[in-house]
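Dear colleague,

Please find the structure below, handed over for your reference.

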Amino acid sequence: MPIVEIKDISAGYADEVILKDINLVVDDHDFIGIIGPNGGGKTTLVKVILGLLKPMKGEIVWHKNEANMHIGYLPQSNQNDKQFPVSVSEVVLSGLMSVKRFAGRFKDADRLKVKNVLELMGISHLTNRNVGGLSGGQMQRVLLARAIVSDPRILILDEPNTFVDNSFERDLYELLRILNQKMAILMVSHDVGTITSYVKTIACVNRNLHYHQSNIITQSQLESYNCPIQLITHGQVPHTVLGDHIHNHKHD
Amino acid sequence: MIEQILELFDYRFFNNAMLAAILASIVCGIIGSYIVARRMVFISGGITHASFGGIGIAYFMGLNPVLGAAVFSVMAALGIEWISTKSNIREDSAIGILWSFGMAVGIIFIFITPGYAPNLMSYLFGNILTVSDTDLWMIGILAAVLIVTFTLFYHLILFVAFDEEYARSHKAPVNLIKYIMISLVAITIVLNIRLVGIILVISFLTIPQSTANILTKRFDYIILLSIAFGIMGSIGGLLISYFYNIPSGATIIFVFVLLFILTKLAKMSLVKIKIRKQIENLS
């Protein structure tokens, strides 16, 4: 069952086209890893899907066959004001914000949802804490809780492993595996080596999008997709480095 | 002393001043908490000074200066908000330009207006003791508007302020909210200029809120506590200014800062006691 269809999208900023003629269909229970070099348009694609950036061409078609059309979203780095007077439970509550609920106060059922999701994330003890005192990993859990509290049909994560220690990274991927039974997941990552063991399929984004119907991808396939990233094998440093040596290849 | 204070309530001007202090504390407590939380103090300073241009133009055209200031500062506020989202001029530079341009326009128009402008000083420094019934009505209506807005849309305002992009991804009307909020900031500033003046209005919007922020990190508590600190400081300052015959606006701000320092010291010693207890428990 398709949730969203991205049709012939071109997008960018001002007069710079970053994405060109992108097509992608996200079905129920998909778990797509979006990979590609920095500046290749991964975040731009996310913004277009979220409706934060109006595409220059093409359309996004949402299949509204369910009442719940929420999108769960975990932004890239959190640049939110660390001194802002807002508590963990209020941040998670904001994940339940919707057109119907812009006015008025939240109900007990909403607060119960927040309580449950904080338990799921293992951060119940932080419920009433101000966001100011949280570590990077704790903040990431809070923001993930905010993303999933509304039981979205689709969860979009932009580089979820950026500020996170290794133990949380493992927990995170296990949690995503469980969540994937209920919702489709789109995950942007530069860390190809790690994500390929969790995602089901891969989308290579570098100006164009090449969809790869498997989670196993080889270096030569990446190159044929115009996607200059270095694959790493397990047992090495857990973070990939961009493959500079294949930047100047002939596909441009 | 108590008798002298009670006698004061026989005077209409004093009752008006007390009411003005309370209403100003309410509107500034609400809007100031928003300003402090969103780090909009500099923008607010810009709007405050830009409003002087409106006062000058209104003088020249023979209109009500508060009305002139309101129109001018709402336009300045919307302009700053628009520039920060649309154009590639840096926001803080835009504020600096509007800040000084407003003052310049005000000075030029007051200078070319025939005759002497006797109330000019009252706009720069304010005078809570000469507040009129019209002033009270206007600030009272603003207080009602702010209470209703913040009660109905508390979470929406808070969420948009905390994470604009996330709010947008939930289809929240982020731009509309920002334009409405900045207009409310501008109107709050203008209506308080008559009380404490252009030079001192920013303190009403920041000092009680910063004092409240020492004691709590919750947005709704910051609002309520800063209203309380606002009332304490402005009524305290009003009485001191009356008995020692010193300017009311400056005295109120002096009391605000005193309350801030005392609260900070109290908080610091509480934290020290807490740490000492924890160390004792460990050993």
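Which residue of S7(A) does Leu157(A) stand opposite? Leu157(A) stands opposite Met187(A).

Some conventions come before the rest. Residues are numbered from 1 along each chain as its sequence is written, while chains are lettered from A and ligands numbered from 1 in the order in which they are written. The model is predicted, and local features need pLDDT of at least 70, side-chain atom pairs count only at pLDDT 80 or more, and totals for chains, interfaces and linings use all residues.

The six-stranded sheet

Chain A holds an open sheet of 6 strands with mixed pairing, in the order S5-S6-S7-S3-S8-S9. Strands (E, at least two residues) and helices (H or I, at least four) are DSSP runs, numbered from the N terminus, and two strands pair if DSSP finds at least two bridges between them. Strand S5 (71-74) and strand S9 (208-212) of chain A each have a single partner strand, so one side of each lacks a neighbour in the sheet. From one strand to the next, the twist averages 15°; axes are lines fitted to C-alpha atoms, for helices over the stretch in contact, with angles from 0 to 180 degrees between N-to-C directions. Strand S6 (residues 154-158) and strand S7 (residues 184-188) of chain A run parallel and are joined by 5 bridges. Helix H4 (residues 136-148) of chain A lies across S5 and S6 of chain A, at about 170° to S5(A).

The three-stranded sheet

An open sheet of 3 strands in chain A has antiparallel pairing and the order S2-S1-S4. Its edge strands, S2 (16-27) and S4 (57-62) of chain A, each pair on one side only. Strand S1 (residues 2-13) of chain A runs antiparallel to S4(A), with 5 bridges between them; Ser10(A) has Lys57(A) in S4(A) as its bridge partner. Helix H1 (residues 42-50) of chain A packs on this sheet, touching S1, S2 and S4 of chain A, and its direction makes about 120° with that of S1(A).

The interface

Contacts (C-beta atoms, placed from the backbone, within 7 Å) link 23 residues of chain A with 23 residues of chain B.

Confidence

The pLDDT (the predictor's confidence in each residue, from 0 to 100) averages 81 in chain A, where 87% of the residues score at least 70. In chain A, helix H2 (residues 88-93) has the highest confidence, at 93, and helix H6 (residues 192-195) the lowest, at a mean of 71. Over residues 233-252 of chain A, pLDDT stays under 50.

With kind regards

Notes. Two residues are in contact if their C-beta atoms, placed from the backbone, lie within 7 Å.
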